[in-house]
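Here are a few notes on the aromatic rings, written for someone new to this. Have the model open while you read.

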Amino acid sequence: MNNISRRKLIGTGLAATAVAAGLGVAARLAQKYGLVPPDHGGIFGLGETLTYASQRLLTSRSLAREFSHSQISKPPLANEMAPLPDVFKRLQAGGFADWRLSIDGLVDRPASFSLAQLKSYPSRSHITMIQCEEGWSYIAEWIGVPLHHVLDAVGVQPHARYVVYFSIDKYWWDSIDMADATHPQTFLAYGMNGDELPVGNGGPLRMRVPRQLGYKNVKFITHLTVTDSLKRFGKGLGSASPESGYAWYAGI
């Protein structure tokens, strides 16, 4: 049996088990195959586990819908943000020449990249919709370097499970699993609609994960940590903290 057929069989089994025998049994099946999300212990944990496991098994390499240039929103929405810290303003005044993206954790070669270095890698683009949990959305062309390319450059270790990414705002961070981190549409985005990425849309650098809701697409990225566990990052999983009411996995 090939891997795709096996994954579909397990995924279908999870769904069928949930219907026939309840979420608890399905969750145990998901745990057997290592498909339990970090927030599985919350009040909605069983449902989150079933959603995450089923989507990972059935749609792990599926692509987010892409649009034509004629469908790009004009102008793209720049949602309201809290005031940015002074350090950001100083970097902005310098044209972001001193902006750095550092990467550490379970990597062979911890490194720090300037925007110029990131832009020296082969760029990619896609025209996708960003969808907010609050109901708004817009379509834009996102330009950047695929995250997997940068992770390959630092040498991710085999037992890594998550990439945690931090904004210049120290209280704003989130994480994704390696399936999303290595997905071809997951970008470190530095451009939009043929130009630099505007500050209002997360410039100079944001995480773009088009298969997840807007809150997973953190703006002003300065640091990545590759890890095998999220426990040391605290109870709140970044923007998906229990207080916010958001799930860790926001697949769409």
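1. Start with Tyr 138: it's buried, with a relative accessible area of 5%. Buried means under 20% relative accessible area, exposed over 50%, and partly exposed in between (1.4 Å probe, protein chains only). Trp 136 comes out as partly exposed, at 22%.

2. Before going on, a word on the source: this is a predicted model, where local features need pLDDT of at least 70, side-chain atom pairs count only at pLDDT 80 or more, and totals for chains, interfaces and linings use all residues. Residues are numbered from 1 along each chain as its sequence is written, and side-chain values use heavy atoms, with hydrogens and water left out.

3. How many aromatic pairs are there? The count is 12, taking rings of Phe, Tyr and Trp (its six-membered ring) whose centres lie within 6.5 Å; planes under 30 degrees apart are stacked, over 60 edge-to-face, and the rest tilted. Trp 136 and Tyr 138 have ring centres 6.0 Å apart and planes at 5 degrees, so they're stacked.

4. Now look at Phe 166 and Phe 233: with centres 6.3 Å apart and planes at 40 degrees, this pair is tilted. It links distant parts of the chain, 67 residues apart: Phe 166 sits in strand 5 (residues 162–167), Phe 233 in the segment after strand 10 (221–227). Strands (E, at least two residues) and helices (H or I, at least four) are DSSP runs, numbered from the N terminus. Phe 166 is buried at 18%, and Phe 233 is buried at 16%.

5. One aromatic cluster is made up of Phe 88, Phe 96, Trp 99, Trp 172 and Phe 220.
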